[in-house]
Amino acid sequence: MEQVSIANSKIHVINPGHIDLGLDFSYVLDLIGLWNTTRLFDSLEMSGIVCPLVAVDTDLSTRKGSLKLIDGFKRLEWARQKDLEKIPVATVHMTNMDLLVFFLSKYAPMLKSCVSKALFLRFLLKVGANRQAVVDKAMKSLGLQAHKGLLEKYLRIAQLPERFLAFCHKKDFSLKRCLNFTYQPRALLERIMDLEGQISLSASLLQEVCDSISEIIRRKEIDVEEFFQLDEIKGIIDSDLECSYKTGLLRQAIRRLRYPAVTRIQKELCDIEKQYLASLPFKVKWDETLENRKLIITASIKQIDEFSRLRASFSSPEAKEGIKRLLSYF
Amino acid sequence: MKFKSVTVDPHVAEPSVLKHFPYYSLSSQSPKFSDYRQGKRHLFVAPKKGELFHICASLDTRYICCSTHVISHISNCPFECTYCFLQNYLTDTTLTVVADTEAIMREICYKTALQPWRLFRIGTWELGDSLAVEPLNKFAVDLVRRFRDLDNCLLKLRTKGDAVEPLLDVEHGGKTVVSWTVNPPEIIKREEIGTAGLEKRIQAMKKVAGAGYPVGLHFDPMIMFSGWEAAYKRLVEAIFSAIDPEDVIWISIGSLRFNPEMKKKIENNYPSSRITAQEMILGDDNKFRYPRPLREEMYRLLLSFLEEVGADQCFTYLCMERWNVWERVFGRCPSSIGHLDYLMAQTVYERFPQSVFQKPQKAFYMALTY
């Protein structure tokens, strides 16, 4: 290893294979799509590695003889792709606290989503940062309240499956939304991601679908895969229907499975409405939870003579019979 | 069950209470536990602070409520029901008992004297079981004695246990109702951890009925599971093969309900429980319940079982249900919460005359506002 000393750091020229990647956060940035390497790689093709990479020599560098890289992960990746035998690496000595401050200044400004913050906090703890320091310094740098309980919530989120985390980041899901997903079975979240592109997964739909499936599999005592093999589900997923139409059908099918009694009664109520009230100039709504005995009747008119017709329609035998039948369900 | 620790606040006004505990430490602070289940194993005996007597916190004018009153002098419970709301409610999780019967009684006497015409039904079960373990039932005995001389009050003890021995020789004057929450053995085993089994509860009912106490029954929460219909039929038959409907003062019926936060707590604390996996609807009161048609089916079926065993003579009411459910289940409905309060006083007057001091006046009850 060749070595040149500059101020308090030393520059080594070393084989890329001898560098330890234990402090690498860039793979997370790749995962959540925060790191675009195209321009960097173009520049490296033109000029090569101009600035030395930076490795740290701290109490975190436990393996003898290894240098833990803290800056230049993509340059190292490029050097390895190019089979370079030697690259310049500056080594600096840092305490754990110095290292924490370094990571915060390097990454915190670019982390805006709940998921990216969660992954970063987990990363800091994983590389040995002191928990209290993470609460006091890191959470503050990320614009969060410095609170242990909040840290635990973020760490729960960081445990979600990787593909799911990337999705939550892309959709910029809130802390509350992400936390809700931590209560779902892991296998379900992974399986749902297979549907990305096939159905329109908005935040609320994803939440609804996950909640429903998770209840159905608990009720039927089946596993996630068995759920997706149910005839009424598999038929829709395997179909060539257009995305939004497929989404609608899937949603209805899941709802029927989750709320069999309510959907059956809703259908009966809709049938009554169609049979007796559809041709009348007013709309009837009822409480879809079926709890409250209350029909809401709405109508709109533009001319005064329409009012007489409307009034007459209320007294029609169909209106009376339809409303009587609807009320009998409540 | 033995407590892992007993802490007595030195400000407890009745030193005689200390004789119940062979070992205890003195502190004005209760031990703190983050997990409410841990808190169940540690007892804190506290002095009375603030008001403890109030109307049931579940009272909601959207329902026809029974408007029972409660003394919240017990907080947390040694039993561990998976559906218990305490897991999402208590901030101080240590099992706490206010051991100051004198002060509690002063508050009750003062407040109930303001409506001398009214029969107050007063429970001790709001945040815990009235008779779960020693020494809670000894405190209950103190209350039973004191209620004997209160004209317009009925004490309601409610339990899932069988520790009734201390009550049997007490002169209660018919002024205490001992009640049980009942469920089929399948539910007791899976969802009411640590409570007495059905057979033990029934034996305890027989004992208190034998000692002249009116018995209350609470089929609440009714829980749906595969075979629930037959299970509830067997439950009703088992109870009324042991006790006479004449001894039962009232029967309440309700179904499982919880708010969304509780749902998460249940699933987190009891992952093997399936009670949250049934078809449930979130109503405008922010509570999950079985859909109304299913609840009505449960209630009607239970009523038919009660009728079969001759228990339809007992006053039966619904807990936390709306007037339309009452109408569809019973074919009638009290016109207001005050009306139900009156009907309950009336049934006590007619069926248990020793428990009530005067004929209830409907007009007074109907004028009550909530």
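Colleague: Which residue is the bridge partner of Ala55(A) in E5(A)?

Modeller: Leu69(A) is that partner. Strands (E, at least two residues) and helices (H or I, at least four) are DSSP runs, numbered from the N terminus. Two strands pair if DSSP finds at least two bridges between them. Here E4(A) and E5(A), residues 67-71, pair in the antiparallel sense over three bridges. This is a predicted model: local features need pLDDT of at least 70, side-chain atom pairs count only at pLDDT 80 or more, and totals for chains, interfaces and linings use all residues. Residues are numbered from 1 along each chain as its sequence is written, while chains are lettered from A and ligands numbered from 1 in the order written.

Colleague: How many bridges join E4(A) to E6(A)?

Modeller: Five, and the two strands run parallel. Leu53(A) stands opposite Val89(A) in E6(A).

Colleague: What is the strand order of the open sheet in chain B?

Modeller: E4-E5-E9-E10-E11-E13-E14-E18, eight strands with mixed pairing. E4(B) and E18(B) are the edge strands, each pairing on one side only. Inside the order, four bridges join E11(B) to E13(B) in parallel. Trp180(B) stands opposite Leu217(B) there.

Colleague: How many residues of chain A are in contact with chain B?

Modeller: Contact means C-beta atoms, placed from the backbone, within 7 Å. By that rule, 15 residues of chain A are in contact with 15 of chain B. Helices H11 (203-220) and H15 (260-277) of chain A each supply at least two residues of the chain A side. H15(A) gives the most, with four.

Terms used: Contact = placed C-beta atoms within 7 Å.
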